[in-house]
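Reader: I am new to this structure and would like to learn how to read its features one at a time. Could you take me through a few of them?

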Amino acid sequence: MKRLNWLHAILILPLLLVSCQHIDNTVYGSIDKMVAEKKVDVSYVSAEQLEELIATSTPGLKIIDVREPEEYVTGHIPGAINIPRGILEFSSQLTNRREKIYLYSDLHNRSTLAVRNLELLKFGRVCLLEGGLDAWKNAFPEKIEEGGGAAQTDAPAKKASSGGCGD
């Protein structure tokens with residue numbers, strides 16, 4: 001009987017380990033299809049709601065513009081940090097996974113993909129500005145800031161790995 005229990009354990013353990021990992025092998029025919037699928041279950045905030053958070057100086061408010069630096073300097077939401085989509089996951093400005101993060105781009109393509117990637121990195125409180133910067137401009141044309149501001153244009157140097165699970 002003892003041998004039978006060991007045999008079950010040896011046969012079942014690999015199945016359990018394999019089933020714990022989910023690999024997404026989805027192939028998309030276009031970027032539009034990919035973004036449309038990734039929009040499912042994304043949390044949104046309206047321009048008016050975000051403006052209220054800014055006006056009340058909500059503690060820990062982090063607004064990130066995921067457009068390229070050239071786009072950012074032509075106009076962005078006051079107080080937004082520019083971390084381009086291509087280096088977002090490597091940014092040293094994103095360290096607190098409990099922090100509420102609000103992302104935007106022109107429309108939703110880059111920011112939608114950014115939301116999903118941050119969620120995969122265990123940032124649990126990520127919202128997308130509904131309608132992107134265009135919605136903000138329509139609601140608050142007087143609240144567009146120009147210039148460099150708080151831009152992060154280079155990826156930070158990679159930290160040495162400790163070999164632990166938190167890396």
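Reader: How close do the axes of helix 3 and helix 6 come, and at what angle do they cross?

Author: Two packed helices are described by the angle between their axes and by the distance between those axes. In this predicted model, the axes of helix 3 (residues 47-55) and helix 6 (residues 132-139) come within 9 Å and cross at roughly 75°. Angles of 65 to 115 degrees count as roughly perpendicular, and helix 3 and helix 6 are therefore roughly perpendicular to each other.

Reader: Which residues of helix 3 and helix 6 meet?

Author: From helix 3 come A47, E48, L50, E51 and I54, and these meet A135, W136 and A139 of helix 6. Sorted by class, this contact of helix 3 with helix 6 holds six nonpolar residues, two charged ones and no polar ones.

Reader: Does S105 count as buried or exposed?

Author: Buried means under 20% relative accessible area, so S105, at 1% relative accessibility, counts as buried. S105 lies in the loop between strand 4 (101-104) and helix 5 (109-120), and its side chain is joined to that of S111 by a polar contact of 3.1 Å. Leaving aside neighbours within four places in sequence, the contacts of S105 include V66, R67, G132 and L133.

Reader: Which side chains make polar contacts with the side chain of E89?

Author: The side chain of E89 makes a polar contact of 2.8 Å with that of R85, and another, of 2.7 Å, with that of N117. E89 sits in the loop between strand 3 (81-82) and strand 4, and at 25% relative accessibility E89 counts as partly exposed.

Conventions: Residues numbered from 1 in each chain as written. Predicted model: local features only at pLDDT ≥ 70, side-chain atom pairs only at ≥ 80, totals over all residues. Heavy atoms only, no water. Axes fitted to C-alpha atoms, helices over the stretch in contact; angles between N-to-C directions. Helix = DSSP H or I, 4+ residues; strand = E, 2+ residues; numbered from the N terminus. Parallel < 35°, antiparallel > 145°, perpendicular 65-115°, else oblique. Contact = heavy atoms within 4.5 Å. Nonpolar A, V, L, I, M, F, W, Y, C, P; charged D, E, K, R; others polar. Buried < 20%, exposed > 50% of the residue type's maximum accessible area, 1.4 Å probe, protein only. Polar contact = N/O pair within 3.5 Å; in protein donor to acceptor, adjacent residues only side chain to side chain.
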